[in-house]
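This briefing covers salt bridges, an annotated site, strand pairing and backbone geometry. The structure comes first, and the points follow by topic.

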Amino acid sequence: MSGLLSVSFHLILLFKFVAPVTFRHHRYDDLVRTLYRVHNECPYITRVYSIGRSVKGRHLYVLEFSDYPGIHEPLEPEVKYVGNMHGNEALGRELLLQLAEFLCEEFRNGNQRIVRLLEGTRVHILPSMNPDGYEVAAAQGADSSGYLVGRNNANGVDLNRNFPDLNTYIYYNEKHGGPNHHLPLPDNWKSQVEPETQAVIQWIRSFNFVLSANLHGGAVVANYPYDRSLEHRVRGFRRTANTPTPDDKLFQKLAKVYSYAHGWMHQGWNCGDYFPDGITNGASWYSLSKGMQDFNYLHTNCFEITLELSCDKFPRQEELQREWLGNREALIQFLEQVHQGIKGMVRDENYNNLVEAVISVSGINHDITSGDRGDYFRLLLPGTYTVTATAPGFDPETVTVTVGPGEPKLVNFHLRRSIPQIAPLRRVPNSGHGGRGRPSKCSPRSARKEMEMTQPQSPCLRSTVLGPHGRKACSHFPIT
């Protein structure tokens, strides 16, 4: 009974002041106007910025929610939603616009659940990653028989098959040894991807995202990594097989949170398919190479799942209200999932922040790193863990921590600089003049190169930081 009362109270907090919304499809110009209208209505907690342009020059606009827009506050996690990656899958785009209006109105109305969420979380919403494809799909309308029209970008490329393939490397490293996180990109990666893909890659390299979901259509299920099967190809096709990440149990929990908060996803039977609990391992469903979901996990600190939200890729306008009501609570609950596990600061003995220190959890073969303010976020299920922080030139520090089901546990690390191993003095035989032999010359290990770091400003993102593996953590690009 107490659980039912808790859920009821939860829903009352969320829906106490439900804002009026307009349920319709938004073409590109309408989408831009909506984002700026929300910003104008909530100027102190929002920011609109562009991460790049599509093939046809349309901006990829992001709406940010934060109590300090444009600024990363230490120990405040970053979360993102990405919609409309496939141009003909329109529901995610509309849900994210509705979510933006909802967050703004509920914050203004003093909904304490939303106020608490936005004061403790930095939320980034990219309603459309493929605006060119959407315009093609929207031109034919929801009733057209062209099932795949508008799916790809203007160059005819499927953006969810366009990210650098890092699965091959991680599967090799798991077998033969090698890095288990932040896998490097090939030198020529920019020439191998589309403008929209490049913009998203630069975006996720420039923010220390912790949690993410990308919204699709054509099924109703919460899909978690890996997407690409480890099985060998048979007659040109890669066989489907459950291919879990080292964080498989955590990913299953994240997927179930969305599924069970959704109006009907958890029932399993949808669109002629059956998925127990409304979730699936991506590779177990069908194998997908060069997808965005796996890329987030293997190249950054971000844990991303894929949400398939509707049987119809481009639902009729009159269906949008029902879909919003079925997804509203799930969209909020998923954002709240970023507040679990452990988080903290990594500093040296002089309280200087250590950038890209590696955080390892014993028994989970996937590490994460601290951001450019020295803060880190490690999503974990409740339990007791042995956690180690390491950084080049410093002695590692290991702690044992018990994680509960509530707020993340604060675990700070203070690393001591390693003492260089100096060779002992070597005596040489006395010369004929009876003088002492000179000690051999020895020099301490070269200090780590220091790279300039600047705080995020509204005109531009952070400067480049060299990681422990020589990886560039992020790059400058203008915000428009």
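Glutamate 64 and arginine 47 form a salt bridge, with their closest N and O atoms 2.8 Å apart; a salt bridge here is a side-chain nitrogen of Lys or Arg within 4 Å of a carboxyl oxygen of Asp or Glu. The pair links distant parts of the chain, 17 residues apart, with glutamate 64 in strand β2 (residues 59–65) and arginine 47 in strand β1 (residues 46–53). This is a predicted model, in which local features need pLDDT of at least 70 and side-chain atom pairs count only at pLDDT 80 or more, while totals for chains, interfaces and linings use all residues. Residues are numbered from 1 along each chain as its sequence is written, and side-chain values use heavy atoms, with hydrogens and water left out.

**Overall figures**

- The protein has 11 helices and 20 strands, taken as DSSP runs numbered from the N terminus (helices H or I, at least four residues; strands E, at least two).
- Of its 480 residues, 54% count as buried, where buried means under 20% relative accessible area, exposed over 50%, and partly exposed in between (1.4 Å probe, protein chains only).
- The accessible surface comes to about 21700 Å², and 51% of that belongs to carbon and sulfur atoms; areas come from the Shrake-Rupley method with a 1.4 Å probe, and for residues only the protein chains shown count as cover.
- Among contacts with a separation of 6 or more, 73% are between residues 24 or more positions apart, a contact being heavy atoms within 4.5 Å.

**Salt bridges**

- The count of salt bridges comes to 22.
- Side chains of opposite charge can pair when their charged atoms come close.
- Both glutamate 64 and arginine 47 are buried.
- Aspartate 158 forms a salt bridge with arginine 151, at 3.1 Å between the closest N and O atoms, and both residues are buried.
- A network of salt bridges links Glu89, Arg151, Asp158, Arg161 and Lys313.
- Glutamate 41 forms a salt bridge with arginine 37, the closest N and O atoms being 3.5 Å apart.
- Glutamate 41 and arginine 37 are separated by about one helical turn, because they are 4 residues apart in helix α2 (residues 28–41).
- Glutamate 41 is partly exposed at 30% relative accessible area, and arginine 37 is partly exposed at 36%.

- β2 is mostly covered, with 7 of its 7 residues buried.
- His59, Tyr61, Leu63 and Phe65 point one way from β2, and Leu60, Val62 and Glu64 point the other way.
- β1 and β2 pair in the antiparallel sense over 6 bridges, pairing being assigned if DSSP finds at least two bridges between two strands.
- Tyrosine 61 in β2 is the bridge partner of serine 50.
- The hairpin of β1 and β2 has 5 residues between the strands, and glycine 57 takes a positive phi near 90 degrees there.
- β2 also runs antiparallel to strand β4 (residues 122–126), joined by 3 bridges; histidine 124 in β4 is the bridge partner of glutamate 64.

**Annotated site and strand β12**

- An unreviewed UniProt entry carries the annotation "active site" on Glu308; positions follow the numbering used here, feature names are shortened, and annotations may be inferred rather than shown by experiment.
- Glutamate 308 lies in strand β12 (residues 303–310) and counts as buried at 8% relative accessibility.
- Leaving out residues up to four places away in sequence, glutamate 308 touches His216, Gly217, Gly218, Ala219, Val220, Val221, Met265 and Trp285.
- The side chain of glutamate 308 reaches the backbone nitrogen of glycine 217 at 3.4 Å.
- Threonine 306 is also in β12, and is buried at 7% relative accessibility.
- The side chains of threonine 306 and asparagine 214 make a polar contact at 3.1 Å (a pair of N or O atoms within 3.5 Å; within protein, one must be able to donate a hydrogen and the other to accept it, and residues adjacent in sequence count only if both atoms are side-chain atoms).

**Backbone geometry in loops**

- The peptide bond from proline 225 to tyrosine 226 is cis, with omega near 0 degrees, and tyrosine 226 lies in the loop between β6 (219–224) and β7 (233–234).
- Aspartate 277 is not a glycine but has a positive phi of about 65 degrees; aspartate 277 lies in the loop between β10 (273–274) and β11 (279–281).
- Lysine 290, also not a glycine, has a positive phi of about 65 degrees and is found in the loop between α9 (282–285) and α10 (292–299).
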